[in-house]
Amino acid sequence: MAVIQVACIHCQKTDNVVKNGKAYTGHQRYLCRNCNKCFQLEYRYNANQPGTHERIIDMAMNGSGVRDTARVLRISPNTVVAHLKN
Ligand SMILES: [Zn+2]
């Protein structure tokens with residue numbers, strides 16, 4: 001049986017990462033026992049992808065409007081507004 005090394009998307013460590021059930025979308029969920037956070041390797045919604053928050057902030061700083069950002073990242077304008085409020 002092949003063992004797949006999974007790195008935690010929060011702390012980038014590969015040890016102490018265990019399977020943690022399935023998301024309702026059927027994707028495998030993982031739990032990192034170093035930082036106690038859950039993550040998935042693939043997400044159904046683009047807004048949940050790692051790094052999306054930083055991209056929204058970058059685009060806003062470079063003059064993209066809410067609708068521009070939503071179209072480029074393929075997420076809802078409401079999601080963009082919610083991220084910019086934080
Ligand atoms: Zn971790």
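Ile56 lies in helix 1, residues 52-61, where helices are DSSP runs of H or I with at least four residues, strands are runs of E with at least two, and both are numbered from the N terminus. The model is a predicted one, in which local features need pLDDT of at least 70, side-chain atom pairs count only at pLDDT 80 or more, and totals for chains, interfaces and linings use all residues. Residues are numbered from 1 along each chain as its sequence is written, and side-chain values use heavy atoms, with hydrogens and water left out.

Ile56 counts as buried because its relative accessibility is 0%; buried denotes under 20% relative accessible area, exposed over 50%, and partly exposed the range in between, with a 1.4 Å probe and protein chains only. When residues up to four places away in sequence are not counted, Ile56 touches Thr69, Leu73, Ile75, Val80, His83 and Leu84, a contact being heavy atoms within 4.5 Å. Ile56 and Tyr45, eleven residues apart in sequence, are separated by 15 Å from C-alpha to C-alpha.

At the level of the whole chain, the secondary structure comprises three helices and three strands, arranged along the sequence in the pattern β-β-β-α-α-α. The radius of gyration of the chain is 16 Å, whereas a compact globule of 86 residues would have a value near 12 Å; the radius is taken over C-alpha atoms, and the globule rule is 2.2 Å times the number of residues to the power 0.38. The C-alpha trace spans about 50 × 25 × 20 Å along its principal axes. Of the 86 residues, 27% are buried. Among contacts with a separation of 6 or more, 26% come from residues 24 or more positions apart.

The chain carries 12 positive and 5 negative side chains, and the centres of the two sets lie 8 Å apart. In this count Lys and Arg are positive and Asp and Glu negative, while His and the chain ends are not counted; each charge is placed at NZ of Lys, CZ of Arg, CG of Asp or CD of Glu.

Arg33 is located in the loop between strand 2 (28-32) and strand 3 (37-40) and counts as exposed, its relative accessibility being 55%. Leaving aside neighbours within four places in sequence, Arg33 is in contact with Asn16 and Val18. The C-alpha atoms of Arg33 and Lys13 are 9.8 Å apart, at a distance of 20 residues in sequence. Asn16 itself belongs to the segment before strand 1 (17-22) and is partly exposed at 43% relative accessibility. Its phi is near 60 degrees, a positive value in a residue other than glycine. A positive phi, near 55 degrees, is also found at Arg74, which lies in the loop between helix 2 (66-73) and helix 3 (77-85) and is exposed, with a relative accessible area of 68%.

The structure holds zero disulfides, a disulfide being a pair of cysteine sulfur atoms within 2.5 Å. For Cys38, the closest cysteine sulfur is that of Cys35, and the separation of 9.3 Å is too far for a bond. Cys38 is partly exposed at 31% relative accessibility, whereas Cys32 is buried at 0%.
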